[in-house]
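Please look over the sequence and the structure shown below before reading on.

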Amino acid sequence: MSETPSQSRSGFDWQRWLPGLVTLRNYQTSWLPRDLAAGLVLTTMLVPVGIAYAEASGVPGIYGLYATIIPLLAYALFGPSRILVLGPDSALAAPILAVVVQYAASDPQRAIAIASLMALVSGAVCMIAGLLRLGFITELLSKPIRYGYMNGIALTVLISQLPKLFGLKVDSEGPLRDIWQLGQALMEGRANWTSFAVGAGSLVLILLLKPYKRIPGILIAVILATLAVSLFDLGNQGVKVLGQLPQGLPSFAFPWVTDIDLVEVVLGGVAVALVSFADTSVLSRTYAARLKSPVNPNQEMFGLGVANVASGLFQGIPISSSSSRTPVAEAAGSKTQLTGIIGALAVTLLLLVAPNLMEHLPNSALAAVVIAAALGLFEFADLKRIYRMQPWEFWLSISCFVGVAVFGAIPGICIAVVISVIEFLWDGWRPHHAVLGRVDGVRGYHDVTRYPNSRRIPGLVLLRWDAPLFFANAEQFQNQVLAALDESPTPVQRLVIAASPVTSIDVTSADMLAELDKVLEQRGVELQFAEMKDPVKDKMKQFELFEGLGESAFHPTLGAAVDAYLADSGVDWKP
């Protein structure tokens, strides 16, 4: 077999790992004007949003721009999506802030070192997961639990920005305590109402213009707020402003901080990785469906990881895909990753040529940008539907929401994962099962509790188990089997397990089946199976069960199992 052009003699498939170069090779000149225009339009959002989300994460705004430039360039090479825009994100602000506030001690350099270290951890987790083809892991969190987590994140982010809206500074100790401190400050008259007027006005304008996708509402609000501060000299009235940005570009620096709990930083980085990839996965699938292009979740995770590592090594913070900037790029006509490159170069030019352009940008306006983004994270409408259809999943979502709101973002995601695992185990621990009978006029065999008039075969129990057999439900399975035998209206000669829903067994359940076979043998009952899948049979052979039961104990269909019983027992029964 000849070697493809994309592979070297060592077998390295660069097209897989560098999809951006593939796009460049196939680039059409007709795309260039649209990519250029989209990149310039995108820049109008990259700057204020990057600064705002950095401030919300507890680091100076300039590092939000660094985390905008480098990841966009990295993702353009390693990311598979032609349309996604990466950068600092409101959903990541809470987990970053939780670690930064605890260990930075109001030291900006220490804060960015911690945030950059979290970006490295997050990037490493995503890259390793992508290499190991673990792109499916985000599917482990159910939709209600994702809603609960994101609602908690949205509330946490919103609360963290409220003090900035009032021109106040509070020591963040969790959402509930932050609200208490804010309330005390307002009661003591420490709020700056001019700052609040600027921030609230910016927030109202952003929300009013949000439905109009082609109007850059955030940019307009930020420009007007900056002009108001500059023209009316609001800085002398206590309105806090961004101040001068350092001129120049980010430099390579490996982040390292002493006197911190590395375990907590690592956990924070893992939490960021889960959130960022979950968001990126959903967004990439959405645009892939819209653009009729394939989705590669493993390469998506790898590209996101590379972008985070690049951000961490060049004084940036953890990043994710953006559900606000990506639609802007698409609406402006973006065709390829060149749009992100143009945006990154434009931000770079701004830092080199006009770093003081945003000197009078008020912090309360930046808080308004983040609050507007946080409001967009809330999901209530679909929760109403979930409550109507399955209340217990609604309450799982609420539990996850409360966990994030009370304990913070990082413990919250741990709670989300634990709840998700418990939900999975609960479904498998107490699965549905049914004794089957024949219903006149209906083909097949059906649950006797749903069809009380169904006919059961004398001396035969057909039992369907609607779940894999594993350690958590092995004892439950055995108990239900014995209960079905005891409740049979006739003495039982044979038990047939309708095993089509059983997709797997483990050592614990295999030992249980061996023990059950002995118990049934003492009671004069044969244990047999119908419709068992071949992979499950292979496991039974591996666990030394198949030979003991014998080939004749396995039937291809329920009908074949019934026919074999009727032939062996001589029972006069007509299907």
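Is aspartate 233 buried, partly exposed or exposed? Aspartate 233 is partly exposed, because its relative accessible area is 42%, where buried means under 20%, exposed means over 50% and partly exposed lies in between, for a 1.4 Å probe and protein chains only. This is a predicted model, in which local features need pLDDT of at least 70 and side-chain atom pairs count only at pLDDT 80 or more, while totals for chains, interfaces and linings use all residues. Residues are numbered from 1 along each chain as its sequence is written, and side-chain values use heavy atoms, with hydrogens and water left out.

**Two aspartates in a loop**

- Aspartate 233 is found in the loop between helix 10 and helix 11 (262-291), where helices are DSSP runs of H or I with at least four residues, strands are DSSP runs of E with at least two, and both are numbered from the N terminus.
- The phi of aspartate 233 is near 50 degrees, which is a positive value in a residue other than glycine.
- Aspartate 259 is also placed in the loop between helix 10 and helix 11, and it has a positive phi of about 60 degrees although it is not a glycine.
- Aspartate 259 is exposed, with a relative accessible area of 71%.

**Helix 9**

- The 17 residues of helix 9 (residues 193-209) should span 24 Å at 1.5 Å a residue, and the end C-alpha atoms are 24 Å apart, which agrees; the expected span is 1.5 Å times one less than the number of residues.
- At the start of helix 9, a side-chain oxygen of asparagine 192 reaches to within 3.1 Å of the backbone nitrogen of threonine 194.
- The buried residues of helix 9, among them Val198, Leu203 and Ile206, pack against helix 7 (143-165), helix 10 (217-231) and helix 15 (363-377), where contact means heavy atoms within 4.5 Å.

- An open sheet is formed by 6 strands in the order 4-3-5-6-7-8, with mixed pairing, and two strands count as paired if DSSP finds at least two bridges between them.
- The edge strands are strand 4 (445-447) and strand 8 (554-555), each of which pairs on one side only.
- Strand 5 (residues 460-465) pairs with strand 6 (residues 494-498) in the parallel sense over 5 bridges, and leucine 460 stands opposite arginine 494 in strand 6.
- Strand 6 and strand 7 also pair in the parallel sense over 5 bridges, with glutamine 528 in strand 7 as the bridge partner of valine 496.
- Strand 7 and strand 8 pair in the parallel sense over 2 bridges, and phenylalanine 554 in strand 8 is the bridge partner of phenylalanine 529.
- Strand 7 is mostly covered, since 4 of its 5 residues are buried.

**Glutamine 476**

- Glutamine 476 lies in helix 19 (residues 474-486) and is buried, with a relative accessible area of 16%.
- Leaving aside residues up to four places away in sequence, glutamine 476 touches Trp429, Arg430 and Trp465.
- The C-alpha atoms of glutamine 476 and proline 431 are separated by 9.2 Å, although these residues are 45 residues apart along the chain.

Note on methods. A polar contact is a pair of N or O atoms within 3.5 Å; within protein, one must be able to donate a hydrogen and the other to accept it, and residues adjacent in sequence count only if both atoms are side-chain atoms.
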